[in-house]
Amino acid sequence: MQEARRQIQRQLDLIDRQITRRMTALIPQLKPKRAGYRRGRAPDPSAFLKRYRSLLAAITAERQSEIDALARKLARQDAAIAAYCVRNGLAFDWPDARGPCNRAGLAVRSRSHGDRHHG
């Protein structure tokens, strides 16, 4: 389950990197065509951000259905892993570099079983 979750997360990360790459490549086109002042007016500093956000929204919208499907799948996998951890008495500290059922949880489970047998 954890490996399948990692694969889905990698797919989401890949989509994010692809969108970032496209936006980075398009930044020069978003800059104003003329440098300096035009007819005595300073260029609008928020215009670049408006164009950037608009283009980012358009590019993201192209992939939104794929992003949503992967996000839903990831949420289901997280829920399944959490349920497994709860069912087996493991600590669930997600996100954790060691995984959802971390080693500390395994140690807690081992001690609790040991206490029952000796107590």
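Is Arg 5 buried or exposed? Arg 5 counts as buried, at 9% relative accessibility. Buried means under 20% relative accessible area, exposed means over 50%, and partly exposed lies in between (1.4 Å probe, protein chains only).

## Model and confidence

This is a predicted model, in which local features need pLDDT of at least 70, side-chain atom pairs count only at pLDDT 80 or more, and totals for chains, interfaces and linings use all residues. Residues are numbered from 1 along each chain as its sequence is written, and side-chain values use heavy atoms, with hydrogens and water left out.

The predictor's confidence in each residue is its pLDDT, from 0 to 100. The protein has a mean pLDDT of 77. Of its residues, 67% reach 70 or more. Confidence is highest in helix 1, at 93. It is lowest in helix 3 (residues 103-118), at a mean of 38. The pLDDT is below 50 over residues 102-119. Beyond near neighbours in sequence, that stretch has 12 contacts in the model. A contact means heavy atoms within 4.5 Å.

## Overall fold

The protein has three helices and zero strands. Along the sequence the pattern reads α-α-α. Helices (H or I, at least four residues) and strands (E, at least two) are DSSP runs, numbered from the N terminus.

The protein has 119 residues, and 19% of them count as buried. It exposes about 9000 Å². Carbon and sulfur atoms supply 55% of that area. Accessible areas come from the Shrake-Rupley method with a 1.4 Å probe; for residues, only the protein chains shown count as cover. Take the contacts between residues at least 6 apart in sequence: 49% join residues at least 24 apart.

## The nonpolar core

Which residues make up the largest nonpolar core? There are nine: Ile 8, Leu 12, Ile 15, Ile 19, Met 23, Ile 59, Ile 67, Leu 70 and Leu 74. Helix 1 gives the most, with five. A nonpolar core is a set of buried Ala, Val, Leu, Ile, Met, Phe, Trp, Tyr and Cys residues joined through side-chain atoms within 4.5 Å.

Leu 12 is one of the core residues. Leaving aside residues up to four places away in sequence, Leu 12 touches Ile 67, Leu 70, Ala 71 and Leu 74.

## A buried charged pair

Arg 5 forms a salt bridge with Asp 78, and their closest N and O atoms are 2.3 Å apart. Arg 5 lies in helix 1 and Asp 78 in helix 2, so the pair ties together parts that are 73 residues apart in sequence. A salt bridge is a side-chain nitrogen of Lys or Arg within 4 Å of a carboxyl oxygen of Asp or Glu. Side chains of opposite charge can pair when their charged atoms come close.

Asp 78 also counts as buried, at 19% relative accessibility.

The whole structure holds five salt bridges. Glu 3, Arg 6 and Arg 10 are linked in a network of them. Glu 3 pairs with Arg 6, with the closest N and O atoms 3.1 Å apart. Both lie in helix 1, three residues apart, about one turn of the helix. Glu 3 also meets Arg 10 in a salt bridge (3.0 Å, N to O).

How exposed are these residues? Glu 3 is partly exposed, with a relative accessible area of 37%. Arg 6 is partly exposed at 39%. Arg 10 is partly exposed at 45%.
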